[in-house]
Amino acid sequence: MTKPTSEEWLAIARGLLSAITVASFVLICQLGGWLKPLQFVLEDLRFSASPRAASDSLVIVQIDPASISYVGRWPWPRGVHAQVIDKLIALRAKDIAIDIDFSSPSTPSEDTKLAEALRRAGGNVILPAFKQATFASNGMNSTVAKLPIGLFAEQSWIANVNVLSDADGKVREMTPSDTVDGQTIPALAVMLGGFSFNEKRFRIDYGIDPSTIDRVSVAELLQNKVAADRISNKKVIVGATAIELRDYVLVPVHGFISGPLFHAVATETLLQNRILHDPGLYLSLAFLAAAAVLGGALLARRKLLSAISVLLTAAAAVEATALFLYSRDALLIDTSGIQCLFVGFGLIALLQEIDLSKINLGLVMTEARNLRAVLAQVVTDNFDGIIIVDEAGLIEASSERAGEILSVPRRNLEVGRHIENCLPAEFRHALEEAIDQFRQGAWRGLPPAECLLTSANGVRVLEYVVTPSRLQRRVAAWRRHVVDRHVACLTFRDITEQRQLEQETFRLARYSELTGLPNRHSLYEKVNELLRKGNDPLAIMVLDVDRFRTINTTLGHKYGDTLLQAVANRLTSLSGEVRMAAHLGADDFALILGGWTRSEELSEIANLIIFAMSQPYSIGMRQLHLSLSAGVFVFTERTESPLEAAMMADNALLAAKQSGGGTCKFHQEEITAKVAHRQAIEIDLWLALEKKQFEVLYQPQVDLFANRIIGAEALLRWNHPSRGQIPPSEFIPIAEVTGMIIPLGRWALQKACCDAAAWRPDCKVAVNLSVQQLLSGNLISDVEDALQISGLSREQLELEVTEGVFIHDTHQAIDAMQRLRHHGIKVSLDDFGTGYSSLSYLSSFPFNRLKIDKSFVSMLHESATARAIVTTIVTMAQRIKIGVIAEGIETAEQVRILRLLGCREGQGFYYGEPQAAERFALALLQEMGERLNSASKAGVIIDNGHAPVRWARGID
Ligand code: C2E
Ligand code: CA
Ligand code: CA
């Protein structure tokens with residue numbers, strides 16, 4: 001056997017200690033009597049387990065129901081008792097005990113009969129004495145001694161039939177004698193058992209089976225039906241067994257038994273020498289002590305199951321021994337204490353097994369295991385890349401995502417791998433530094449950082465954060481000594497898309513999506529920055545593509561966008577004084593200009609820019625001529641905000657637009673006023689048509705050779721109630737921009753047709769048409785309506801369009817004009833030779849007439865070029881067989897030259913200013929009169945086209 005270790009000694013001591021504790025507890029219980037119930041149960045078990053038969057020397061003569069009914073009444077006349085005695089004597093009974101109350105006299109004759117019988121029995125009869133409790137009316141309880149009356153007592157023995165019951169009501173023991181009424185009287189059992197002893201009490205052996213005691217009925221006896229051998233030489237107890245006589249005693253094992261039977265069992269106990277003995281407290285204590293030692297040893301060394309089985313065996317052995325001793329020696333050992341001890345030991349063994357600390361530890365460990373599993377899952381399945389590294393640079397855990405983000409195989413990040421081979425240098429350094437600093441107590445925490453990772457997926461932006469922590473590790477399970485170790489957790493995520501999105505959002509917030517140029521926001525920022533920086537002269541130039549709206553609607557938005565991109569590209573290519581080019585939205589652009597030295601320089605710069613921007617754009621297969629208007633604001637005070645500056649530059653731009661576009665205007669106070677004026681007009685314009693403030697004037701068109709009115713151009717006027725007559729140059733562009741031109745143009749057309757319907761049939765009316773009208777889609781119906789309402793012949797109507805419709809070279813415009821032609825409406829090309837005039841237009845559409853712009857006419861007398869252009873136009877028109885009319889003829893000299901150049905038709909102030917309808921109609925009539933007059937005088941027809949006759953000008 002090996003020597004027990006210190007731990008084992010400790011366990012043994014602990015076992016003994018608990019054994020002693022339980023033993024002391026049990027002892028206290030035993031001494032306190034609390035184990036009595038268990039003791040009685042164990043005794044009863046022993047009685048049942050070892051039954052024994054009666055000795056056959058005792059018989060009970062019972063007053064049973066049959067006997068009572070045989071006699072016919074109760075109490076019996078005492079003569080009946082006398083008969084019973086006589087019969088028993090006759091049957092040679094040995095001793096006769098009559099357990100009937102004879103303590104009061106009955107009738108003298110009956111009493112005498114009994115007394116006589118007693119006498120005949122020769123003193124062999126025992127009569128009972130007992131104490132009876134009485135309940136007095138005053139509440140005082142007392143006991144009354146009941147002894148047979150003297151008459152009987154003289155002839156018999158007296159025995160005590162009192163019983164002693166335990167707390168549970170059961171009668172277990174007897175006193176051999178008792179004092180009744182001053183005299184000591186032996187117990188009935190003692191008297192019958194023939195036993196003399198000095199014990200104060202003795203215990204009845206209920207192992208003696210009462211059913212084995214012979215019984216005969218009084219009725220049978222009186223009828224002589226009882227065999228002699230049943231009574232002969234036997235001790236007889238006569239007593240009541242009928243339930244109604246209520247002589248019953250509660251005893252262990254057998255329950256309620258009749259008084260006579262109880263006395264019989266008690267008697268048998270004595271007869272068989274079965275008084276039960278208790279070995280005494282000391283033996284119990286010795287037993288207890290032995291059991292405690294046994295238990296202590298058990299608890300110290302055994303496993304639960306073996307401990308329990310040993311305990312059960314011991315308990316069984318104890319009981320078996322007790323049974324054996326009871327059965328053989330009538331020894332009644334109290335084993336309740338020992339059994340309790342065994343139960344106690346069993347419980348302790350059980351408790352040791354399911355030691356609470358063990359339960360707790362189990363719970364904690366399960367918890368920890370679960371937590372670890374959850375954490376491992378959290379790490380593994382995390383959306384972020386997570387890598388936990390120890391001091392040695394070995395991976396302790398990593399997430400699935402980590403490998404994906406870093407584009408390394410998952411196995412490279414397995415537990416136990418060294419980071420050297422699988423992590424980017426920046427991450428490695430961050431991890432190592434974090435652990436170092438943490439160990440030295442210098443770690444202050446770091447905000448998330450970013451790094452670039454070049455991988456198979458290209459360059460990615462990773463955001464990462466490192467958090468070191470300290471872990472404790474026990475050196476050995478039983479020692480308290482723990483050591484620190486450090487780990488660092490690297491968390492990272494791929495924020496490439498997020499950064500791109502941010503950049504994109506930033507770009508969208510600062511740059512035009514369409515052109516990529518900085519937007520208004522950026523422009524203002526830049527202006528602010530330059531204003532802050534220094535004294536470099538500074539200006540904002542806003543630019544706007546002329547008629548861009550038309551380009552957009554006619555060529556389509558896609559084309560419009562491409563054009564804007566081209567414009568933006570050209571703006572970016574500008575260098576020198578341009579500090580920034582911005583796209584403010586739609587066709588609005590802006591430049592920041594700076595660095596000029598003289599103020600005149602700025603105007604040159606601006607003009608150069610306009611010039612550069614107006615060079616043809618080739619978009620797709622198409623060459624597009626554009627004009628741009630610009631407005632400039634110069635920061636003279638340098639106190640204006642960029643917003644104010646831009647607004648003032650806008651005003652200048654509006655002014656430039658109003659002056660026909662293609663130019664640049666500088667901001668001046670008047671411009672601001674003009675803009676305000678224009679805005680006021682815009683508001684009034686919408687109501688003007690409804691309020692009938694418009695009027696159509698007619699400017700005569702003349703045959704230059706015949707000096708004869710051939711028609712008139714219809715020109716709109718707005719008679720404003722407060723501003724007076726407003727010229728079309730002021731309101732037409734606004735009407736065009738606002739869309740008002742459509743109803744206004746429709747009205748003008750109708751009015752012109754109606755007026756012209758009153759003229760002579762060979763006099764035509766030319767009505768101006770805006771591009772919007774031409775492209776509106778309703779033009780044909782508008783024209784047809786006008787012709788129908790007025791009744792004018794369609795040969796008399798001519799529509800004038802400018803070259804503007806060709807800027808876009810649109811099929812739509814040509815289609816519209818073609819449709820007009822099909823409806824028999826003539827179309828002339830207005831302002832020919834200005835803007836982007838090109839003779840190629842003429843091949844696209846066969847106009848009826850070209851109108852040579854007044855700018856050529858005014859130059860005719862001084863410019864050979866002007867004359868050459870006019871000659872070319874006239875020659876070409878003749879070749880393609882279309883008419884030519886010169887506009888803006890103001891002098892006779894101009895008329896002369898035009899005639900020389902072969903131009904046949906003309907209009908201008910020289911022949912007549914635009915005039916009201918009535919006046920023009922009057923002029924027509926007047927001319928008619930004059931012609932008729934001169935024709936009759938000269939005999940020539942004026943309109944032969946050869947004789948140049950000056951038509952009276954200034955009809956007004
Ligand atoms: P436009 O079609 O070129 O009209 C000729 C302009 O020249 C008229 O100006 C006329 O008054 C002016 N004019 C005529 N003879 C002379 C001259 O000898 N010397 C000078 N310096 N000017 C002369 P107005 O009436 O102010 O019209 C200006 C423009 O407004 C027109 O130019 C035309 O484009 C537009 N307009 C006028 N009425 C209408 C209309 O009903 N519809 C549309 N869409 N446009 C109209
Ligand atoms: Ca015109
Ligand atoms: Ca014109």
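Are Glu-713 and Asp-830 buried or exposed? Both Glu-713 and Asp-830 are buried (under 20% relative accessible area, with exposed over 50% and partly exposed in between, for a 1.4 Å probe and protein chains only). This is a predicted model, in which local features need pLDDT of at least 70, side-chain atom pairs count only at pLDDT 80 or more, and totals for chains, interfaces and linings use all residues. Residues are numbered from 1 along each chain as its sequence is written, chains are lettered from A and ligands numbered from 1 in the order in which they are written, and side-chain values use heavy atoms, with hydrogens and water left out.

**Calcium ions**

- Glu-713 (OE), Asn-768 (OD1), Glu-800 (OE) and Asp-830 (OD) coordinate the calcium ion (ligand 2) at 2.0 to 2.3 Å.
- Donors are N, O and S atoms within 2.8 Å of the metal (3.2 Å for Na, K and Ca); water is not among the atoms, so sites may look incomplete.
- The spacing of these donor residues in sequence is E-x54-N-x31-E-x29-D.
- Asp-830 bridges the calcium ion (ligand 2) and the calcium ion (ligand 3), which are 3.8 Å apart.
- Distant parts of the chain are linked here, with Glu-713 in strand E27 and Asp-830 in strand E31, 117 residues apart.

**Ligand 1**

- There are 20 residues around ligand 1 (a heavy atom within 4 Å), and Gln-699, Arg-717, Asp-830, Glu-890 and Phe-909 come nearest.
- By class, this shell has seven nonpolar, five polar and eight charged residues (Ala, Val, Leu, Ile, Met, Phe, Trp, Tyr, Cys and Pro count as nonpolar, Asp, Glu, Lys and Arg as charged, and the others, Gly among them, as polar).
- A side-chain N or O atom of Glu-890 is 2.4 Å from a nitrogen atom of ligand 1.
- For Asp-830, a side-chain N or O atom is 2.9 Å from an oxygen atom of ligand 1.
- The side chain of Ser-770 has an N or O atom 3.3 Å from a nitrogen atom of ligand 1.
- On its own, ligand 1 has 790 Å² of accessible area, of which the protein covers 82% (Shrake-Rupley method, 1.4 Å probe).
- Strand E27 (708-720) and strand E31 (826-832) are the elements that give two or more residues to the shell, and E27 gives the most, with four.
- Strands (E, at least two residues) and helices (H or I, at least four) are DSSP runs, numbered from the N terminus.

**Aromatic rings**

- The count comes to 15 aromatic pairs (Phe, Tyr and six-membered Trp rings with centres within 6.5 Å; planes under 30 degrees apart are stacked, over 60 edge-to-face, the rest tilted).
- Phe-694 and Phe-731 form a tilted pair, 5.4 Å centre to centre with 55° between the planes.
- Both Phe-694 and Phe-731 are buried.
- One aromatic cluster is formed by Phe-694, Trp-718, Phe-731 and Trp-747.

Conventions. A polar contact is a pair of N or O atoms within 3.5 Å; within protein, one must be able to donate a hydrogen and the other to accept it, and residues adjacent in sequence count only if both atoms are side-chain atoms.
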